[in-house]
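I opened my notebook to walk through this structure strand by strand. Come along if it is new to you too.

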Amino acid sequence: MLLAFPLVAQQTVTGTVTSDDGESLIGVNIIEKGTSNGVLTDLDGKYSIKVEEGASLVFSYTGYETQEVAIGNQTKIDLKMSAGVNL
């Protein structure tokens, strides 16, 4: 007996998150939009996450503006976060 499962293409996205002044941000929350799939940046601001093709990533960090990035066919996304006005 064969079972049919829809095939969802996945890709791994890696990168580094920094502040406006180039400092690595530790513990930035990165979530695949619309899912509970997420990771945090490491001590060097680096991350790696496996997501469905065509997904968007939402980057959030206390004191900084939340940013959403459409992945498209990118496998490396380096992001510079701007300090927010409201904490």
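My entries below cover the sheets, then the aromatic rings.

**Entry 1: what kind of model**
I noted before anything else that this is a predicted model.

**Entry 2: the sheet around β1**
I looked up which strands sit together and found an open sheet of three, in the order β4-β1-β7, with mixed pairing. Which strands stand at the edges? I found β4 (46-52) and β7 (79-81) there; each has a single partner strand, so one side of each is left without a neighbour in the sheet. I also wrote down the twist, which averages 35 degrees from one strand to the next.

**Entry 3: β1 beside β7**
Next I checked how β1 (residues 10-19) runs against β7: the two pair in the parallel sense, over three bridges.

**Entry 4: β2, β5 and β6**
I then followed strand β5 (residues 56-60). With β2 (residues 29-32), β5 pairs in the antiparallel sense over four bridges. Here I picked out I30, whose bridge partner in β5 is F59.

What joins β5 to β6? I counted four bridges between β5 and strand β6 (residues 67-70), and these two run antiparallel.

**Entry 5: aromatic pairs**
How many aromatic pairs does a search of the whole structure find? My search gave two.

One of them is Y47 with F59, an edge-to-face pair at 5.8 Å centre to centre, with 80 degrees between the planes. Why does this pair deserve a note of its own? Y47 lies in strand β4 and F59 in strand β5, so the pair ties together parts that are twelve residues apart in sequence. Are these two residues buried or exposed? Both Y47 and F59 are buried.

Y61 and Y64 also form a pair, and I logged this one as tilted: 5.5 Å centre to centre and 45 degrees between the planes. Y61 is partly exposed, with a relative accessible area of 26%. Y64 counts as partly exposed too, at 23% relative accessibility.

Methods. Residues numbered from 1 in each chain as written. Predicted model: local features only at pLDDT ≥ 70, side-chain atom pairs only at ≥ 80, totals over all residues. Heavy atoms only, no water. Pairing = 2+ DSSP bridges. Axes fitted to C-alpha atoms, helices over the stretch in contact; angles between N-to-C directions. Phe/Tyr/Trp six-rings, centres within 6.5 Å; stacked < 30°, edge-to-face > 60°. Buried < 20%, exposed > 50% of the residue type's maximum accessible area, 1.4 Å probe, protein only.
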